[in-house]
Every structure is written in C-alpha cells, then in structure tokens.
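Take a look at it first, and then we'll go through it piece by piece.

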Amino acid sequence: MIIVDYYCPACDFTVEAFSVTPVPEFRSCDRCGMQSRRRFSTAGLSGRANRPASGSTACVDNPDVPGLCHVGSDAKRSLIARHRGDHDTLAKEQARQRITYEQSGPPVRGVHGHAGAHSHN
C-alpha cells in the first residue's frame, strides 16, 4: 500500500490516504462525501527541499511530507525535519523529546489492567 493525496473541491479538503495499486483517480471525501480527486506532487523527485522544518506541522501545509497526517503531534516536527534533511531542527526536536521522556516517562494511554485474568488458589 502507498500513501496518496486526494483533494475535494466541494469542501476544499485535502487528505492523505493509504491506497492499493493501481491508485484510483477518485474516492469519496472523508469530510463531505463528495468526489475527491487524486493530487500528484513532486515529493521526493526534486532533491532536498529548501524551506526549514521549523514552521507549521499541519499536513495540509506540508504536502511534500508523506504520512504526516497519520502521526501524532509529537512526531510531526521530527518527521518533517527528517524528510527535508534539516539536521539542526531534527537534533533539537529529538533532544526536546528525550528531555520530555526523561521527565515524565513513556505515555500511558490505553493501558488496561489484567485484574481477574489469572486465578490464584
């Protein structure tokens, strides 16, 4: 599967979606249900990008970064920096994430206890 951008002119919405190959030219818009059309980009074909990775982390503002709409907010800045070859921003973001992790530990989301899973006689 590959990631493909689709644009809906009815509601001005762009989305990245996993797609099978061959990639369909059209699909239903995730926002309004109307017909979205596949967008083509030159991501990965033009060499190193010239804008820094320290700006917006929104996937609609960074259409050249594949998979950006599908990662958590903490991972977006490093994904953009890695994709663009911005080593300074990547190093700073990794240091920030390391400090956050060392201060608070791993995120505890969706962890469920196993009470009652084993019987003790």
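## The disulfide

How many disulfides are there, if a disulfide is a pair of cysteine sulfur atoms within 2.5 Å? The count comes to one. It joins Cys59 to Cys69, with the two sulfurs 1.8 Å apart. The link of Cys59 and Cys69 is right-handed, with 95° about the S-S bond. Both ends, Cys59 and Cys69, sit in the loop between strand 4 and helix 1 (73-84), ten residues apart. Helices and strands here are DSSP runs numbered from the N terminus, with at least four residues (H or I) for a helix and at least two (E) for a strand.

A word on where this comes from: the model is predicted, so local features need pLDDT of at least 70 and side-chain atom pairs count only at pLDDT 80 or more, while totals for chains, interfaces and linings use all residues. Residues are numbered from 1 along each chain as its sequence is written, and side-chain values use heavy atoms, with hydrogens and water left out.

## How covered are the cysteines?

Buried means under 20% relative accessible area, exposed means over 50%, and partly exposed is in between (1.4 Å probe, protein chains only).

Cys29 counts as buried, with 6% relative accessibility. Cys32 is in no disulfide either, and its nearest cysteine sulfur, in Cys8, is 3.6 Å away. Cys32 is partly exposed, at 36%.

## The strands

Two strands pair if DSSP finds at least two bridges between them. Strand 1 (residues 2-8) and strand 2 (residues 13-19) run antiparallel and are joined by seven bridges. Cys8 stands opposite Phe13 in strand 2. These two strands form a hairpin with four residues between them, and Asp12 in the turn has a positive phi of about 55°.

Strand 1 also pairs with strand 4 (residues 35-39), again antiparallel, through three bridges. Across from Tyr6 you'll find Arg38 of strand 4, and across from Tyr7 there's Arg37.

Strand 4 has another antiparallel partner in strand 3 (residues 26-28), with three bridges between them. Arg37 turns up here too, as the bridge partner of Phe26. Strand 3 and strand 4 make a hairpin with six residues between them, where Gly33 in the turn has a positive phi of about 85°.

## The core and its surroundings

Which residues make up the largest nonpolar core? There are five: Val4, Tyr6, Val15, Ala17 and Val23. A nonpolar core is a set of buried Ala, Val, Leu, Ile, Met, Phe, Trp, Tyr and Cys residues joined through side-chain atoms within 4.5 Å. Strand 1 and strand 2 are the elements that give two or more residues to this core. In soluble globular proteins, nonpolar side chains tend to be buried together.

Technical notes
Disulfide = S-S within 2.5 Å.
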